[in-house]
Amino acid sequence: MKVLVATTNPGKIREISDILSETGITLVTPNELGLALDVEETGATFVENAVSKAISWYRASSLPSLADDSGLSVDALQGRPGVLSARFAGPGAGDSANCELLLNLMEGQKDRTARFICVVALAISEATVITARGEYEGSILAQPQGGNGFGYDPVFFDPASGKTFAQLSGAQKNERSHRRLALMALRQKLVTQCLVRVP
Ligand code: IMP
């Protein structure tokens, strides 16, 4: 099966191709097809955004299309920043402004539990979209630590490694990431539905 991966982010493309490589899926990128599409993320949930992106790319390419939506959900903030993770501190806000706002809102909070969430959606037709979800739980520190990664990585403490995601290497983070968990779950669904096989 040929699948369009609805992102131009090289890191995401590598991770997706790594996880789906044994399934016989051939990934193509928007750049390879000369396609550009800006799908606004107006949904109230990660699922709505991922599904709407996947269907928009399916319409544009006539190929099965894989899209994702991800973000951080903080328990003490009732799931915020959630789908607004990229623009928490306002439209065009950068990673450090978003982290700063989060740390301000978390001041004095005892419950620091948070999770990264990723939903992937594969549109096989306009009517058939397979979704899968991955979550990775950790907690929000009081101060940023570490210089790797992006987004909320410097304030997200991973109990399994005893470090923030920004203190892990890219490979160490990807081993456990919410995106990886979502892609593994998608792969399992595709195998169960006999859409792909793994050796
Ligand atoms: P997107 O789904 O790739 O557009 O990500 C939305 C936003 O969620 C990003 O801009 C980050 O703020 C946040 N986010 C998603 N995944 C991660 C992650 O792995 N680390 C840190 N922040 C993330």
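Y136 is buried, with a relative accessible area of 14%; buried here means under 20% relative accessible area, with a 1.4 Å probe and protein chains only. The model is predicted, so local features need pLDDT of at least 70 and side-chain atom pairs count only at pLDDT 80 or more, while totals for chains, interfaces and linings use all residues. Residues are numbered from 1 along each chain as its sequence is written, and side-chain values use heavy atoms, leaving out hydrogens and water.

Let's stay with the aromatic rings for a moment. A pair of aromatic rings is described by the distance of the centres and the angle of the planes. Rings of Phe, Tyr and Trp (its six-membered ring) pair if their centres lie within 6.5 Å, and planes under 30 degrees apart count as stacked, over 60 as edge-to-face and the rest as tilted. By this rule the count comes to four aromatic pairs. One of them joins F116 and F165, which are stacked at 5.7 Å centre to centre with 10° between the planes. F116 sits in strand β4 (residues 113-123) and F165 in the loop between β7 (163-164) and α5 (170-176), 49 residues apart. Strands (E, at least two residues) and helices (H or I, at least four) are DSSP runs, numbered from the N terminus. F116 counts as buried at 6% relative accessibility, and F165 does too, at 1%.

F165 also pairs with Y136, and this pair is tilted: 5.5 Å centre to centre and 35° between the planes. Because Y136 lies in strand β5 (residues 129-140) and F165 in the loop between β7 and α5, the pair ties together parts that are 29 residues apart in sequence. Ring pairs link F116, Y136, F156 and F165 into a cluster.

Now for the ligand. Which residues come nearest to the ligand? Of the 14 residues around it, these are K12, S70, D153, K173 and H178, where "around" asks for a heavy atom within 4 Å. The largest share of this shell, three residues, comes from β3; β3 (65-74) and α6 (178-192) each supply at least two residues.

A polar side-chain atom of K173 lies 2.7 Å from an oxygen atom of the ligand, and one of K12 lies 2.9 Å from a ligand oxygen atom. Y152 takes part through a backbone N or O atom, 3.2 Å from a nitrogen atom of the ligand. Taken alone the ligand exposes 480 Å², and the protein buries 88% of that, with areas from the Shrake-Rupley method and a 1.4 Å probe.

Methods
Buried means under 20% relative accessible area, exposed over 50%, partly exposed in between (1.4 Å probe, protein chains only). A polar contact is a pair of N or O atoms within 3.5 Å; within protein, one must be able to donate a hydrogen and the other to accept it, and residues adjacent in sequence count only if both atoms are side-chain atoms.
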